[in-house]
Amino acid sequence: PNFGKALLLKGAALYRFLGQPNDGLALLRRFVQLRPEVGEGHLILGQALADGGQMDAAIASLRRAADLAPPNDRRAADALAKLAPPGKR
């Protein structure tokens with residue numbers, strides 16, 4: 001129940017492919033709690049939250065992902081740019 005990579009993969013699968021978004025979000029949130037230093041978790045959680053219309057939470061998660069991302073990884077910044085008005089990025 002606390003194996004990080006499994007939480008991340010299962011959460012993403014439940015949310016994106018298996019039609020269980022609430023269960024998927026719960027696992028993604030658990031991953032972020034266990035491994036807050038891993039930007040990938042914040043990125044996937046932020047994307048899932050955005051898909052579900054939870055924009056404020058999505059923006060917060062994507063901001064954290066962008067902060068943690070290596071300099072050459074623009075996925076979080078690009079996702080954030082699509083969601084946040086220019087003054088809120």
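The structure holds 4 salt bridges, a salt bridge being a side-chain nitrogen of Lys or Arg within 4 Å of a carboxyl oxygen of Asp or Glu. The model is a predicted one, in which local features need pLDDT of at least 70 and side-chain atom pairs count only at pLDDT 80 or more, whereas totals for chains, interfaces and linings use all residues. Residues are numbered from 1 along each chain as its sequence is written, and side-chain values use heavy atoms, with hydrogens and water left out.

One of the salt bridges is formed by E37 with R35, whose closest N and O atoms are 2.6 Å apart. E37 is partly exposed at a relative accessible area of 45%, and R35 is likewise partly exposed at 38%; here buried stands for under 20% relative accessible area, exposed for over 50%, and partly exposed for values in between, computed with a 1.4 Å probe on protein chains only. A further salt bridge brings together the side chains of R75 and E40, with an N to O distance of 2.7 Å. Because R75 lies in helix α5 (residues 75–83) and E40 in helix α3 (residues 39–51), this pair ties together parts that are 35 residues apart in sequence. Helices (H or I, at least four residues) and strands (E, at least two) are taken as DSSP runs and numbered from the N terminus. Both partners are partly exposed, R75 at 41% relative accessibility and E40 at 31%. Salt bridges with shared partners join E40, D73 and R75 into one network. The side chains of D78 and R74 also meet in a salt bridge, at 3.5 Å from N to O, and D78 is partly exposed, with a relative accessible area of 38%.

The protein chain contains 5 helices and 0 strands, which follow the pattern α-α-α-α-α when read along the sequence. Its radius of gyration is 12 Å, close to the 12 Å that the globule rule gives for 89 residues, so the chain is as compact as a globular protein of that length; the radius is taken over C-alpha atoms, and the rule is 2.2 Å times the number of residues to the power 0.38. The C-alpha trace spans about 40 × 25 × 20 Å along its principal axes. Of the 89 residues, 36% count as buried. Among contacts between residues at least 6 apart in sequence, 38% join residues at least 24 apart, a contact being defined by heavy atoms within 4.5 Å.

Helix α1 (residues 4–16) has 13 residues, which at 1.5 Å a residue should span 18 Å, and its end C-alpha atoms are 18 Å apart, in agreement with that expectation; the expected span is 1.5 Å times one less than the number of residues. Within α1, the residues G4, L7, L8, G11, A12, L14 and Y15 are buried. Seen down the axis of α1, these buried residues fall within an arc of 165°, so they line one face of the helix, the arc being that of the directions from the helix axis to the C-beta atoms. On the other side of α1, L9 and K10 are exposed, while the buried residues of α1 pack against α2 (21–34) and α3.

Helix α2 has 14 residues and reaches 20 Å from its first C-alpha to its last, close to the 20 Å expected. Its buried residues are G24, L25, L27, L28, F31 and V32, and these fall within an arc of 165° when seen down the axis of α2, so they line one face of the helix. The face turned away from this buried side carries the exposed residues N22 and Q33. The buried residues of α2 pack against α1 and α3.

In helix α4 (residues 55–68), S61 is buried, with a relative accessible area of 7%. The side chain of S61 reaches the backbone nitrogen of G46 at 3.4 Å. Residues up to four places away in sequence aside, S61 touches H42, L45, G46 and L49. By contrast, N72 lies in the loop between α4 and α5 and counts as exposed at 69% relative accessibility. N72 and Q47 are 25 residues apart in sequence and 19 Å apart in space, from C-alpha to C-alpha.

Conventions. Polar contact = N/O pair within 3.5 Å; in protein donor to acceptor, adjacent residues only side chain to side chain.
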